[in-house]
2 protein chains.
Amino acid sequence: MTKIIIIGGGFAGINLAEKLGNKEGLSVTLVDRNNYNFFPPLLYQVATGYLEASNISYPFRKLLRKMKNISFRQGEFERVIPAENKIVLSTGELQYDCLVFATGAETNYFGMENVKQHAKPMKTINDALELRNHFFQQLEKATLVEDDQARNKLLTVVIAGGGPTGVEVSGMLAEMKKYVIPKDYPELTGHGYESHIYLVDGGTKVLAPMSEKSQEETYKDLTEMGVEIKFNMQVKDYINDTVYFANGETIQTETLVWAAGVTASVFEGIPAKSYGRGRRLLVNEYNQVQDLPNVYAIGDTCLQLTDKNFPEGHPQVAQVAMQQGKNLARNFVAMGKGDPLKPFAYADKGSLAIIGRNKAVADLPKPNIHLGGFIAWVIWVFVHIASLINYRNRLRTMYNWTGAYFTRDQSLRMIIRPSKK
Amino acid sequence: MTKIIIIGGGFAGINLAEKLGNKEGLSVTLVDRNNYNFFPPLLYQVATGYLEASNISYPFRKLLRKMKNISFRQGEFERVIPAENKIVLSTGELQYDCLVFATGAETNYFGMENVKQHAKPMKTINDALELRNHFFQQLEKATLVEDDQARNKLLTVVIAGGGPTGVEVSGMLAEMKKYVIPKDYPELTGHGYESHIYLVDGGTKVLAPMSEKSQEETYKDLTEMGVEIKFNMQVKDYINDTVYFANGETIQTETLVWAAGVTASVFEGIPAKSYGRGRRLLVNEYNQVQDLPNVYAIGDTCLQLTDKNFPEGHPQVAQVAMQQGKNLARNFVAMGKGDPLKPFAYADKGSLAIIGRNKAVADLPKPNIHLGGFIAWVIWVFVHIASLINYRNRLRTMYNWTGAYFTRDQSLRMIIRPSKK
């Protein structure tokens with residue numbers, strides 16, 4: 001019986017685990033710091049109150065229930081001892097025959113400690129719920145403030161990072177500003193009331209990985225919706241409710257949403273030479289970590305330079321993670337039977353980003369076309385619903401979206417914090 | 001324009017506010033510490049993962065949107081200065097013509113400080129979510145513990161209080177133990193595995209306010225489901241994971257759910273002589289606080305001895321709160337027109353408590369009958385769905401319940417804590 005341990009149950013880890021389900025000769029333990037899987041592409045909707053956390057998350061134990069050879073263990077990785085084939089978690093030690101790192105990526109603060117302390121990240125369910133609590137508390141506070149300047153500071157949001165996450169959050173906030181706030185916060189309308197949604201990026205474009213057409217359309221649509229996009233604005237610091245930029249400019253705000261970059265994790269016990277750019281683990285065409293033949297890495301945390309279409313490595317996106325997970329599963333099964341292994345080659349199915357109600361951009365590689373507006377939005381909705389992990393999540397999400405679509409409104413704005421003693 | 005301030009947006013406050021909506025000559029401010037209303041009778045379902053918090057809660061601003069004479073203000077009561085018709089909140093000061101206390105009741109720890117520090121209450125949404133997190137963390141911890149005694153302590157739950165809340169929580173836990181845990185926590189089945197659900201009460205019956213038939217049926221059903229009910233067991237202390245009882249017995253557990261009593265709040269600025277039993281504000285037949293003619297109290301926080309059918313005061317239940325709220329609204333409107341006021345008389349429509357899937361007990365006063373089993377459960381479902389405050393909550397709850405009913409399962413067991421920095 002080959003014992004496989006997978007650290008991380010995101011796109012990569014869960015696809016790997018599911019494809020190993022009920023396969024002979026393989027015993028799998030999936031480890032994750034949370035007891036649930038969640039769907040990151042829709043986090044920004046949890047953060048702005050359009051979806052509930054439970055619409056996009058699902059307990060691992062339920063997911064893996066029917067797979068008798070897979071068990072779940074909640075815990076955090078502490079270190080690995082490759083010479084002993086042993087891994088140490090916060091919840092105990094485990095032996096392995098094969099170890100797979102599928103830990104994804106974490107928020108990158110680029111060494112800026114104040115930003116790390118005070119900005120709002122958007123990488124986990126807890127991040128998204130805290131951001132939601134924060135937004136709605138800011139609104140309540142603003143209704144009580146008389147001084148125009150103080151109130152407008154409460155109503156200003158700076159989103160750092162012009163990639164898909166930043167675009168999506170700013171689009172949703174613009175929708176809320178236009179449709180929800182006038183109806184429910186009458187104290188915030190009228191003279192003297194001013195709010196700003198700034199989307200800032202150190203570069204010169206939004207959605208840098210996408211096509212030029214997608215970038216232009218996104219810029220135009222967001223601007224029309226009221227988002228103020230500022231380029232060549234690299235954040236240098238965030239102190240006393242002021243964001244400082246490299247070019248000397250500043251913006252006053254109590255809300256800096258940090259979507260400006262990710263970095264992989266380092267693992268105690270893995271030698272320094274195993275890491276490449278962005279702290280990603282260097283792997284061969286079979287996702288084996290170099291010099292550690294029974295240690296593997298898949299998804300955002302790995303850097304694979306063997307794919308001829310992507311000689312500098314793959315983008316850190318969901319599709320790559322899912323495909324690498326499935327390919328590795330196929331290879332584990334093949335190993336057991338003495339069959340040949342399959343090197344990984346990423347099949348780019350395209351990119352999507354949503355801008356607002358009815359608006360999205362899509363780049364489809366074959367044929368090489370760009371779609372925008374309503375048709376792209378329909379594709380976006382379809383792809384995201386289909387990708388949610390469970391029929392219940394799909395139904396609940398459809399329900400919430402249908403309501404939000406027709407009423408241009410949302411209702412998930414309760415400020416809630418479970419009170420741990 | 002008569003300015004009315006309502007402190008508290010629960011059953012009493014929200015019914016009062018809604019009946020004052022768009023009434024001429026009245027300007028209303030509703031104050032609550034949360035920005036949402038929630039439905040306490042279903043909290044125990046949030047606590048056990050069968051419903052999401054958003055199924056039973058709704059933002060005040062959305063609720064009151066169409067009522068132009070009603071505004072919402074988030075804040076906590078600090079003190080009142082009756083001589084100046086002024087109230088001080090955590091978020092500022094307000095003047096009033098009429099003040100209404102609709103603050104409900106809070107958990108009563110009977111002076112036991114250790115219980116207050118370490119037991120799990122069940123009075124608010126945050127309580128329920130924290131209890132849910134706790135239950136599922138206990139299960140994960142238990143899967144990793146080798147020692148039988150230590151593991152069984154993790155799997156033991158003591159619920160203090162044999163009223164409806166205690167009965168409902170223990171019934172749900174028994175359902176989970178029977179149907180959910182064997183499927184998803186295979187590590188917890190088999191030899192050496194022992195878990196206990198204790199329902200303890202200082203008295204000699206469950207559901208003391210209900211009929212004898214309801215009490216007997218509930219006792220029988222819960223026991224058959226595996227709940228161990230112990231009477232004459234009054235909690236004296238809770239230290240080092242041990243519950244101490246007045247009769248000298250002890251039970252080892254990391255989970256003491258405290259549903260053993262409620263108490264009203266005291267309000268700084270209201271004289272001591274205005275309070276009666278249970279710290280409830282003494283009011284006349286129009287819900288006016290004695291000696292403070294423009295201060296009122298409704299719901300759990302008041303004690304009204306003028307109702308001939310309830311000379312010792314009303315039970316602290318939802319129906320009383322709702323009816324007092326509506327009656328006071330009627331009287332405020334009448335006052336404006338110089339019409340006669342209506343003294344309050346409670347119309348008892350009956351009591352319901354749910355025991356488990358398919359099982360409930362109902363006491364209907366006219367005619368004086370008791371119902372049990374499936375028919376009572378149908379009534380319970382109907383009443384609770386109808387009472388949820390908004391069509392969306394009703395639909396979502398129906399959806400979650402339908403799934404849970406047919407699959408004997410639930411999926412809302414993600415351990416989530418928004419991470420406030």
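User: Where is A:Asn22 found in chain A?

Analyst: In this predicted model, A:Asn22 is in the loop that lies between helix H1 (11-20) and strand E2 (26-32) of chain A.

User: What is the phi of A:Asn22, positive or negative?

Analyst: The general idea comes first. Most residues other than glycine have a negative phi. In this case, A:Asn22 is not a glycine, yet its phi is positive, about 60°. B:Phe110 belongs to the loop between strand E10 (106-107) and helix H4 (113-118) of chain B.

User: Which domains does the assignment give for chain A?

Analyst: A domain may be written as one or more stretches of sequence. Here, domain 1 is 2-105 + 264-337, domain 2 is 113-261 and domain 3 is 349-407.

User: How many residues of domain 1 and domain 3 of chain A take part in their contact?

Analyst: Consider the positions of the two domains, then the residues. The C-alpha centres of domain 1 and domain 3 of chain A are 26 Å apart. Domain 1 contributes 18 residues to the contact and domain 3 contributes 14 residues.

User: What area is buried between domain 1 and domain 3 of chain A?

Analyst: The area is about 1300 Å², with 61% given by carbon and sulfur atoms. On the side of domain 1, A:Phe39, A:Asn55 and A:Tyr58 lose the most area to domain 3, together 37% of what that side buries.

User: How many salt bridges does the rule find across this interface of domain 1 and domain 3 of chain A?

Analyst: The rule finds 0 salt bridges there. The side of domain 1 that touches domain 3 comprises 10 nonpolar, 7 polar and 1 charged residues.

User: What confidence does the predictor report for chain A?

Analyst: Chain A has an average pLDDT of 89, and 93% of its residues score at least 70. For the complex, the predictor gives an ipTM of 0.76 and a pTM of 0.83.

Note on methods: Residues numbered from 1 in each chain as written. Chains lettered and ligands numbered in written order. Predicted model: local features only at pLDDT ≥ 70, side-chain atom pairs only at ≥ 80, totals over all residues. Heavy atoms only, no water. Domains from an automatic or database assignment. Contact = heavy atoms within 4.5 Å. Buried area = accessible area lost by both parts, 1.4 Å probe. Salt bridge = Lys/Arg side-chain N within 4 Å of Asp/Glu carboxyl O. Nonpolar A, V, L, I, M, F, W, Y, C, P; charged D, E, K, R; others polar. pLDDT = per-residue confidence, 0-100. Helix = DSSP H or I, 4+ residues; strand = E, 2+ residues; numbered from the N terminus.
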